[in-house]
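Work through the exercises below with the sequence and the model open. Each task is followed by a stepwise solution.

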Amino acid sequence: MTAPSATASAPAEPFVSPVNSHNEWDPLEEIIVGRLDGATIPSKHPVVGCNIPPWAARLQGLAAGFKYPRMLIERAQQELDQFVSLLQSLGVTVRRPDAVDYRQRFGTPDWTSRGFCNTCPRDSMLVIGDEIIETPMAWPCRYFETHSYRGILKDYFRRGARWTSAPKPQLTDALFEADFRIPEVGEPMRYILTEFEPVFDAADFVRAGRDLFVTRSNVTNRMGIDWLRRHLGPGYRVHEIESRCRTPMHIDTTLSLLSPGKALVNPEYIDVDRLPDVLSSWDILIAPEPDRIDERMLKVTSMCGKWLSMNVLMIDEKRVIAERHHTNMLRALEKWGFEPIPCDLMHYAPFGGSFHCATLDIRRRGTLESYVD
């Protein structure tokens with residue numbers, strides 16, 4: 001009998017996942033950046049309009065299904081191109097989703113909608129170590145948003161990454177409070193979401209190794225938080241951050257983790273005396289008052305509010321990309337020992353955010369550690 005050759009008996013080469021990101025600050029090596037192509041004003045729905053003033057919700061409803069005005073797209077595209085070039089000049093590999101015409105109508109047996117855009121990969125996908133989790137988002141217009149990233153996701157999977165999709169929600173009327181209104185200051189907090197099924201946006205979470213911090217919001221309910229907590233298992237802890245924001249949606253203008261032991265907080269939304277005890281040994285940095293934005297069109301169209309100045313992207317523990325317009329934030333970051341890299345992305349706000357929102361860090365050079373007590 002012929003003995004098997006050394007080649008035939010040798011074990012297969014182990015996969016080395018191209019996905020590896022445990023926190024917000026390890027040295028950045030690869031990132032996904034969103035696109036503006038095909039961006040469409042989202043279809044009218046209570047969960048889309050619940051975080052904006054009634055007049056703005058009415059205006060959005062009238063324009064739903066139309067493409068965003070060219071004057072908004074062109075300025076934002078110029079800034080986005082410069083941002084991508086900056087990342088590449090810093091040695092970061094940049095991946096982009098497919099362009100999609102989001103005016104196409106789609107649906108389930110329960111509802112129909114048009115799309116929105118794929119400007120913010122931070123919302124629809126969560127990276128935990130070598131795993132990418134597609135999130136169960138509450139906006140019907142974003143139901144198939146990750147399809148534009150499928151080519152990238154399949155490539156990562158073939159090369160060794162883990163790829164998970166949370167249960168697709170039904171998004172029936174049972175998920176939404178029929179009589180919802182924004183609570184006044186001093187009233188008990190209210191959310192438009194019921195606990196009918198788990199939903200969450202990845203942008204309601206920030207990561208510090210084995211510890212994640214989350215805000216419950218109008219796109220993330222308790223069932224969604226519990227689903228992720230059970231999925232990750234006992235190797236991780238998920239801590240809820242109490243927010244005073246009356247219209248909560250995404251944590252990265254409430255709490256930003258900048259480096260081991262340093263957290264940036266929004267003084268309007270967070271009572272620092274009520275932060276989780278696990279952050280007691282961290283330096284809590286109070287975000288300065290954002291610089292005023294005088295451009296009327298941005299005031300009318302932005303979905304993100306004035307605290308978008310906090311929406312920064314860490315390149316490593318020292319270097320941080322921040323909005324050039326927000327000079328108060330740039331000075332504060334320098335004072336705290338960081339090396340801010342000014343960049344323009346202010347005109348991206350009508351499409352969902354700034355540097356942190358517009359990206360999904362896929363690979364950071366580091367290992368899974370614990371950073372809190």
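**Exercise 1: aromatic rings**

Phe106 is buried, as is Trp111 (buried: under 20% relative accessible area, exposed over 50%, partly exposed in between, with a 1.4 Å probe and protein chains only). The model is predicted: local features need pLDDT of at least 70, side-chain atom pairs count only at pLDDT 80 or more, and totals for chains, interfaces and linings use all residues. Residues are numbered from 1 along each chain as its sequence is written, and side-chain values use heavy atoms, with hydrogens and water left out.

Task: classify the pair formed by the rings of Phe116 and Trp139.

Solution.
1. Rings of Phe, Tyr and Trp (its six-membered ring) pair if their centres lie within 6.5 Å; planes under 30 degrees apart are stacked, over 60 edge-to-face, the rest tilted.
2. The centres of Phe116 and Trp139 are 5.8 Å apart and the planes stand at 45°, so this pair is tilted.
3. Phe116 counts as buried because its relative accessibility is 3%; Trp139, at 4%, counts as buried too.

**Exercise 2: a charge and a cluster**

Task: which residue lies over the face of Tyr143?

Solution.
1. The criterion is NZ of Lys or CZ of Arg within 6 Å of the ring centre and within 35 degrees of the ring normal.
2. Lys168 lies over Tyr143, 4.4 Å from the ring centre.
3. Tyr143 belongs to one aromatic cluster with Phe106, Trp111 and Phe144.
4. Elsewhere, the charged end of Lys262 sits over the ring of Phe338, at 5.0 Å from its centre.
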